[in-house]
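I opened this notebook to record what I looked up around the ligands and the annotated positions. The entries follow the order in which I went through them.

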Amino acid sequence: IRRGFSSSAVRNVVIKQVTIIGGGQMGAGIAQVAASTGHSVTLVDTSDDILKKSIKTIEGSLKRVVKKKFADKPEAGEEFIQKVLKNVSTSTDVGSAVQGSDLVLEAIVENLKIKQDLFSRLDKLAPAHTIFASNTSSLPISDISSATNRLDRFGGLHFFNPVPMMKLVEDTPGFIVNRLFVPYLYEAIRLYERGHGSKEDIDIAMKLGVGYPMGPFELSDYIGLDTIKFIMDGWREMDPDNTLFAPSELMDKLVAEGKLGKKTGEGFYKYK
Ligand code: CAA
Ligand code: NAD
């Protein structure tokens, strides 16, 4: 990744126009921080309804940011919100959205084939100078980029959820956080499946015992159970004998039932 980003093809590019593909929790958050830092952002998803929801999410989050940042200057806060929103446009047409784009950042579903298909199409549609990046949480960047002819302009930019609050972006091969963190979430679920504690007790224990702001079940719901399962299934395929990557029946069942966490209104807990 580093080699790619430091190549002469990329070194002098100034990033002004950013296209973000996928307007879910991560895409919307990334669009917000990119727009807040003065970039012109086009957010792409598969339907206008989804994109309307993305903009609402951004607005809601900006209000929270402004409440703090402009606590004693509400008018300046409102001005900031309008300025940021002006920097974001939406589109369902990926071809036109990438025209003039300096950086295309993908935040769609965590599935190698679907990401490869998208980037293979984008490679033909985007200008030559455009840098591609994926927000994947588990897939090797080299596997995703192999679907394109721009290996020297392809990288990983791994943001954390909620994007406007979390201060880390990883581009390190291998991703440190999730390699430690996702097996921890799965182990909590297996602990519950083995009857060692209720979900509530395990969540409370981790919050009080190690000071985490959310317990593993709350956090799994917050991230999205489909995303966590995709990560684990992918790693298990690569390393089937690693017990850290063992599946969970409960997780498989919830995902099969469409109970994906907060974003669908139910996961380990209910949100309606
Ligand atoms: N946008 C803007 N501001 C937000 C926000 C958002 N989406 N979410 C929370 N905030 C702000 C709130 O406005 C609030 O601000 P004040 O302190 O000024 O009031 C502050 O954050 C705290 O929020 P709350 O009081 O509502 O709740 P909280 O104290 O529980 O904090 C949280 C919320 C920041 C999400 C916190 O619970 C937390 O840090 N949780 C853990 C998140 C985490 O572990 N993320 C990593 C997930 S793993 C990942 O992302 C990688 C992957 O590939 C899967
Ligand atoms: P999400 O389900 O909230 O959103 C995904 C969005 O992508 C949806 O709105 C969907 O309609 C859209 N989409 C799917 N296929 C598309 C396509 N071909 N073209 C355009 N849009 C498409 O998912 P998310 O939680 O935002 O995760 C997105 C990516 O970010 C995944 O790769 C995930 O692993 C990664 N990630 C997630 C988290 C997290 O905590 N949820 C953290 C870091 C990284």
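I took helices (H or I, at least four residues) and strands (E, at least two) as DSSP runs, numbered from the N terminus. The model is predicted: local features need pLDDT of at least 70, side-chain atom pairs count only at pLDDT 80 or more, and totals for chains, interfaces and linings use all residues. Residues are numbered from 1 along each chain as its sequence is written, while chains are lettered from A and ligands numbered from 1 in the order in which they are written.

**Entry 1: annotated positions.** I looked up the UniProt record, an unreviewed entry, which places the feature "binding site" at twelve positions, among them Glu110, Lys115, Ser137, Asn161 and Lys263. I note that UniProt positions are given in the numbering used here, that feature names are shortened, and that annotations may be inferred rather than shown by experiment.

Entry 2: I located Lys263 in the segment after helix H13 (249-256). I found Lys115 in helix H7 (residues 112-125). For burial I counted other C-beta atoms, placed from the backbone, within 10 Å of a residue's own: 20 or more is buried, 12 or fewer exposed, and in between partly exposed. Lys115 counts as buried because it has 23 C-beta neighbours inside 10 Å. Lys263 has 17 other C-beta atoms within 10 Å and is therefore partly exposed. For contacts I required C-beta atoms, placed from the backbone, to lie within 7 Å. Leaving out residues up to four places away in sequence, Lys263 touches Gln25 and Gly224. With that same exclusion, Lys115 touches Glu106, Ile108, Ser134, Thr136, Leu139 and Ile144.

**Entry 3: ligand 1.** I counted a residue as near when its C-beta atom, placed from the backbone, lies within 6 Å of the molecule. Ligand 1 is surrounded by 16 residues, the closest being Ser61, Arg64, Ser137, Pro162 and Pro213. Helix H4 (48-69) and helix H11 (216-223) each supply at least two residues of this shell; H4 has the largest share, four residues.

**Entry 4: ligand 2.** I found 26 residues around ligand 2, with Gly22, Gly24, Met26, Glu110 and Asn161 the closest. Helix H3 (residues 25-36) gives the most to this shell, three residues.

**Entry 5: domains.** Which domains give residues to the shell around ligand 1? Domain 1 (2-156) and domain 2 (178-264) both do, so ligand 1 lies between them. Ligand 2 also lies between these domains, because both give residues to its shell. The domain bounds come from an automatic or database domain assignment.

Methods: Contact = placed C-beta atoms within 7 Å.
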